[in-house]
Amino acid sequence: MECMVPRATIRGLVALQLIATALPTNARGQIFLELRGGAMLSSALVRDSIVEAFTVRPAVAPTIDLAVGTVLNEQYRLAVAVRWARSDLKRSTDGGNIPIIPLTAWTGSVALRRRLSSWASAQGTIGAVKYAPAGTGRNATLFRDNAPLLPIVGLGARIEHRISPRLVVGLDAAYDFHRFSTLALRAEGITGDRSVHRFSLGITLGASYADKKP
Amino acid sequence: MQTRSRSVAALASLLLLGACDSPNAPDRSSFYEFRLSPSDPVFHWPATALPVRFYADQVGALPEYVALGVRMWERQFLYGEFRGELVSDSADADVILSLQGSAPPDGPLTDDPPVTSCTGVTSVPPTTELGSGQLVYTERFQVQLQWFSRGSPSDIANCLARVTAHEIGHTLGVFNHSPTPDDLMARSPTAREPTARDRATVQILYHVRSDILPFSHGLLPP
């Protein structure tokens, strides 16, 4: 099952490359770099019941994104991004939250962005998320046997304001989705994958460079 | 218009994917009583006391057996309920394991049938009541292990590893013995590691409220 993950990502990358190749080229030659800081909220990775029902989810995590991309034409941009998000994985019951382990989520994605107006754009993303538990305590967690790499798909929207010919500041909202399970969960008998929805908000600072005039 | 339809279709696909949630809850119905008597208070290590610190006498391979046993019990949990570590100073320990007599003969762990060539006993410490009515242990947990000249060196090593894991199970709060002889927590264990019943039992134990706090100098009156 896990061997399908990179294959799915590769398929997505190839699809986006084909789209990029097929698009008009009159605005090519411009690259842009973006740094984004924000926060991410994730739905539960696991729902289980031992004596009482509980969920296991990452706490709201600060995020840092770095993206590099190219202008395909006046309407479309293609970007490759990596996101770092780190927070505590927590077990939540009616009685409160108990931290389990610090958890980093690395997300790599390819985004195709479409300009909707001079100040707004929307994007679709595909990629993969890699969960990386920290510390020595992972032996007693759902990540004891593996920390999976999982394919994601997502959508996003941005409003932006140009503050100089090369600099743009933007406000981003993004959503992505993936299915989650681990070998330890399956070994325990939690055999179905769980859908995980993640929402993030962030502020982006972008700089563009033209190696030739469009 | 066509672009908008495509966007709506993409969003609908995402939502459909999200709707396909079918996790199955595991069966944890097969467990045994972890208290000696149903009226006894419950003990398990609280999250704030983790990792539990184990000290093992530097006799033979005892530290190795303790490390194996701790790792074995950690793996019975999915949600970080228990973690342990070995410490080099008994003064820092929550649990002290000692091996009586001389070092046992050196023998590798094997899959040979179990031979009873060792015993172990866990001393559950006495409790006292704090002003708030909260029970607290007045001492650390102590585990005494002993080996006999019966069987091969590997039989003795297998027995010590098995009984060490069993006694560590007691220090987790499973004070009772399993009525099923196949379980690690049976009175005379033959299993080398916790079974599904042991796992269900300890998981349930760590999801009920603990009535007793572990030993801590700071909690006890002078």
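This is a predicted model: local features need pLDDT of at least 70, side-chain atom pairs count only at pLDDT 80 or more; totals for chains, interfaces and linings use all residues.
## The interface between the chains

In this model, 34 residues of chain A are in contact with 29 residues of chain B. The size of an interface is often given as the accessible area lost when the parts come together. For chain B and chain A this buried area is about 2800 Å², and carbon and sulfur atoms give 55% of that value.

The rules find 4 salt bridges across the interface of chain B and chain A, along with 13 residue pairs in polar contact. On the side of chain B that touches chain A, helix 1 (2-19), helix 2 (62-74) and helix 4 (196-205) of chain B each supply at least two residues. Helix 1 of chain B gives the largest share, 5 residues. Sorted by class, this side of chain B has 14 nonpolar, 7 polar and 8 charged residues.

## Salt bridges

Side chains of opposite charge can pair when their charged atoms come close. Over all chains, the structure holds 20 salt bridges.

One of them joins Asp48(A) to Arg28(B), with the closest N and O atoms 2.7 Å apart. This pair crosses between chains: Asp48(A) is in strand 2 (residues 46-50) of chain A, and Arg28(B) is in the loop between helix 1 and strand 1 (52-56) of chain B. Another salt bridge is formed by the side chains of Arg75(B) and Asp145(A), at 3.0 Å from N to O.

## The second largest pocket

The second largest pocket holds about 610 Å³ of space. Its lining is made of 29 residues, and those nearest its centre are Arg91(A) and Ile98(A) together with His44(B), Pro46(B) and Ala47(B).

Three elements each supply at least two residues of this pocket's lining: strand 5 (76-93) and strand 6 (96-115) of chain A, and strand 8 (212-213) of chain B. The largest share, 5 residues, comes from strand 6 of chain A. The lining of the second largest pocket has 15 nonpolar, 8 polar and 6 charged residues.

## The largest cavity

Rolling a probe the size of a water molecule over the atoms shows where empty space is left. The structure has 5 cavities of 30 Å³ or more, and the largest cavity has a volume of about 330 Å³.

The largest cavity is lined by 27 residues; nearest its centre lie Asp65(A), Ala81(A), Arg83(A), Ser109(A) and Gln123(A). Strands of chain A give two or more residues each to this lining, namely strand 1 (30-42), strand 4 (61-71), strand 5, strand 6, strand 7 (120-133), strand 8 (149-162) and strand 9 (167-180). By class, the lining of the largest cavity divides into 13 nonpolar, 6 polar and 8 charged residues.

## The second largest cavity

The second largest cavity contains about 90 Å³ of space. It is lined by 13 residues, of which Met40(A), Pro58(A), Ala61(A), Ser87(A) and Ala105(A) are the closest to its centre.

Strand 1, strand 5 and strand 6 of chain A are the elements that give two or more residues to the lining of the second largest cavity. This lining has 8 nonpolar, 3 polar and 2 charged residues.

Definitions and conventions: Residues are numbered from 1 along each chain as its sequence is written. Chains are lettered from A and ligands numbered from 1 in the order in which they are written. Side-chain values use heavy atoms; hydrogens and water are left out. Contact means heavy atoms within 4.5 Å. Buried area is the accessible area (1.4 Å probe) that two parts lose on being put together, summed over both. A polar contact is a pair of N or O atoms within 3.5 Å; within protein, one must be able to donate a hydrogen and the other to accept it, and residues adjacent in sequence count only if both atoms are side-chain atoms. Helices (H or I, at least four residues) and strands (E, at least two) are DSSP runs, numbered from the N terminus. Ala, Val, Leu, Ile, Met, Phe, Trp, Tyr, Cys and Pro count as nonpolar, Asp, Glu, Lys and Arg as charged, and the others, Gly among them, as polar. On a 1 Å grid over the protein atoms alone, a cavity is a set of points where a 1.4 Å probe fits but cannot get out, and a pocket is an open set with protein on both sides within 12 Å along at least five of seven lines; lining residues have an atom within 4 Å of a point. Grid points are joined across faces, edges and corners, and a volume is the space filled by probe spheres set on the points.
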